[in-house]
Amino acid sequence: MQIRCMQTSSEFITTLRKTCKSITQIQQLHAQTLTRGLFSLHPSLLLTQILHSFTFPNPQATTAATIPSGDGDGGHCIITYTDKIFNLIPEPSAFNYNSIIRVHTLRRSPRTAVIFFSRMRRESVSPDSHTFPFVLKACGQLGNSISLAKSLHSVLLKFGFSVDVFVCNTLACTYCRGGEFDGALKVFEGSLFRDVVSYNVMIDGLVKAGEVDRALKMFDEMPQRDAVSWGTILAGCAKSNRCIEAVELFDRMLDLRVVFDNVALVSALSACAQLGELAKGKKIHDHIKQNEIKLDSYLGTALVDLYSKCGCIETAKDVFRSCPKKNVSLWNAMLAGLAMHGDGISLLQYFSRMVENSVESDGVTILGVLVGCSHSGLINEAKKIFSEMESVYKVQRELKHYGCMADLLGRAGLINEAIDMIKDMPMRGDVFVWGGLLGGCKIHGNLEIAEVAAKHVMEVKPEDGGVYSVLAHMYANSNRWEDLVKVRRLRDCRWGIKKNAGVSLIELGGVAHEFVSGDCLHDCTFEIYSVLNGLELNQYEVP
């Protein structure tokens, strides 16, 4: 669209704010004001307005130009143009410096933003309450920026901005991003004024540091909470495997009629998936439908994951089909679900559709396909996809992919082929690579290779108790009793060895029942074992 400039400064500003949608249109307007002599009348004012139009991250909200980030040619042109505009301003004010610092922060050019702040100080231009949040955000984008954050902390104290809640919140957030939680806590505790954002920053920092108990305590102490507060603490509980607490928090949200965002919904669905709480997950899905919440890729991914893990693969497919936009995470969830259910044929069909739809695969995609092929016995298909990972799908092979192939080849009895693959790996094998080979050796009774694989597992992860059990079992089957005694003694004399107990969950009547291998804690333990013993006694009887 052609931009036409009027004759006065006010008309120029109105056109700039309401009409210009791109960098090209701003430059058209700039050129017209130069040719009509308008800039000679009010150069500072008009240059300031042009510079300020680049400071909005969401152009639609302010009609600022749609500007790409600083990575790439488009972003570089924008930065060059704004820098030239700034340098044309005769005596830049704090507002001008704030604008150029914010431009570079938004365009992911943090070093230049900090350089402009240093220039501002050299020119004796006093910063205001907007300067520090902008430059602190730039600081947070830099790696190893704690020393810079501390320097900025000293400067803002000198200017008396420690009483500004917005400045303190941004400073605390910068400390948290840099892993300096103690510094963030000092800022928080020293703040004269705290709002809901202050608490949200601290809770987010605690969650990311793995301090979920402290995060919950601070959450309970909050005088008021918003959707971000609930979403952050819910996500923290779900990611730290405290799924029961996550579901309880979600129930509290419903009881209090909190208006929550998609972060809370995704976290609650993730917790339900991990717990196998299908009934609760369905209720959340019903809530999404009743409130006409848009089913985006992230919500769709959480629902597909829930229904897949709870055995409802057809419902997972329905959810997948109903999502209008499908990103790689949603495709990965669907592929993982099909792999989990051993439907290798459907999995390969979905993978082909993903490729046809030009969705770029990642490491998780290929891993899901390989696992599905392994569970379905599709050996040749898996070998083909593995060989084409880097050349066709542009996905770098990682240890997890080699581990999956070692498991697949081992299960298929292709022990020598698995050994050749491991020898050709560009990196050392980990516990999953050697463990996969060991599992195959156990299935096919290859004790010689099993001893080699077990030795590597013990070197990589000496505390893994499973490897000793596998070896002991294989020695017993081969009547090698002396070796059996040796491996058990080795296990007993090594400190810190542990074997994770198997756990299963079943849901009956809306109640989830958990069973741990070897325990007797369930209320119906006696009845359960009576039935199991009866089945064992009668399993060989011919009707």
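**Entry 1: a tryptophan to start with**

Is Trp230 buried or exposed? I looked it up, and Trp230 is buried at a relative accessible area of 2%. For my own bookkeeping, buried means under 20% relative accessible area, exposed means over 50%, and partly exposed is in between, with a 1.4 Å probe and protein chains only.

Before going on, I note that this is a predicted model, in which local features need pLDDT of at least 70 and side-chain atom pairs count only at pLDDT 80 or more, while totals for chains, interfaces and linings use all residues. Residues are numbered from 1 along each chain as its sequence is written, and side-chain values use heavy atoms, with hydrogens and water left out.

**Entry 2: the whole protein**

I counted 30 helices and two strands in the protein. These are DSSP runs numbered from the N terminus, helices being H or I with at least four residues and strands being E with at least two. Of the 543 residues, 45% are buried.

Next came contacts, meaning heavy atoms within 4.5 Å. Among contacts with a separation of 6 or more, 60% join residues 24 or more positions apart.

**Entry 3: aromatic pairs**

How many aromatic pairs does a search of the whole structure find? I got 11. Rings of Phe, Tyr and Trp (its six-membered ring) pair if their centres lie within 6.5 Å; planes under 30 degrees apart are stacked, over 60 edge-to-face, and the rest tilted.

Back to Trp230: its ring and that of Phe219 form an edge-to-face pair, 5.0 Å centre to centre with 80 degrees between the planes. Phe219 sits in helix 13 (residues 212-221) and Trp230 in helix 14 (residues 227-239), so this pair ties together parts 11 residues apart in sequence. Phe219 is buried too, with a relative accessible area of 0%.

I moved on to Phe386 and Tyr402, whose ring centres are 5.5 Å apart with planes at 80 degrees, so this pair is edge-to-face. It links distant parts of the chain, with Phe386 in helix 23 (residues 379-387) and Tyr402 in helix 24 (residues 399-411), 16 residues apart. Both Phe386 and Tyr402 are buried.

I also noted a cluster in which ring pairs link Phe86, Tyr97 and Phe116.

**Entry 4: helix 18 beside helix 20**

At what angle do the axes of helix 18 and helix 20 cross? I found roughly 5 degrees for helix 18 (residues 297-309) and helix 20 (residues 328-340), with the axes coming within 8 Å. That makes helix 18 roughly parallel to helix 20. Axes are lines fitted to C-alpha atoms, for helices over the stretch in contact, with angles from 0 to 180 degrees between N-to-C directions. Under 35 degrees counts as roughly parallel, over 145 as roughly antiparallel, 65 to 115 as roughly perpendicular, and the rest as oblique.

Helix 18 brings Ser297, Gly300, Thr301, Val304, Ser308 and Lys309 to the contact, and helix 20 brings Ser329, Leu330, Ala333, Met334, Gly337 and Met340.

**Entry 5: helix 11 and its neighbours**

In helix 11 (residues 181-190) I marked Phe181, Gly183, Ala184, Leu185, Val187 and Phe188 as buried. The buried residues of helix 11 pack against helix 9 (146-158), helix 10 (165-177), helix 12 (196-208) and helix 13.

**Entry 6: two positive phi values**

Glu292 is not a glycine, yet has a positive phi of about 50 degrees. I placed Glu292 in the loop between helix 17 (278-290) and helix 18, where Glu292 is exposed at 71% relative accessible area.

Lys394 is another non-glycine with positive phi, near 60 degrees. Lys394 is in the loop between helix 23 and helix 24, and at 66% relative accessibility Lys394 is exposed.

**Entry 7: around helix 24**

Lys400 lies in helix 24 and is partly exposed at 34% relative accessibility. Which residues does Lys400 contact, leaving aside its neighbours within four places in sequence? I listed Gly363, Val364 and Leu367. The C-alpha atoms of Lys400 and Gly363 are separated by 8.8 Å, and the two residues are 37 apart along the chain.

Last, I looked at Gly439 in helix 26 (residues 431-444), which is partly exposed at 29%. Its C-alpha atom is 6.9 Å from that of Gly410, 29 residues away along the chain.
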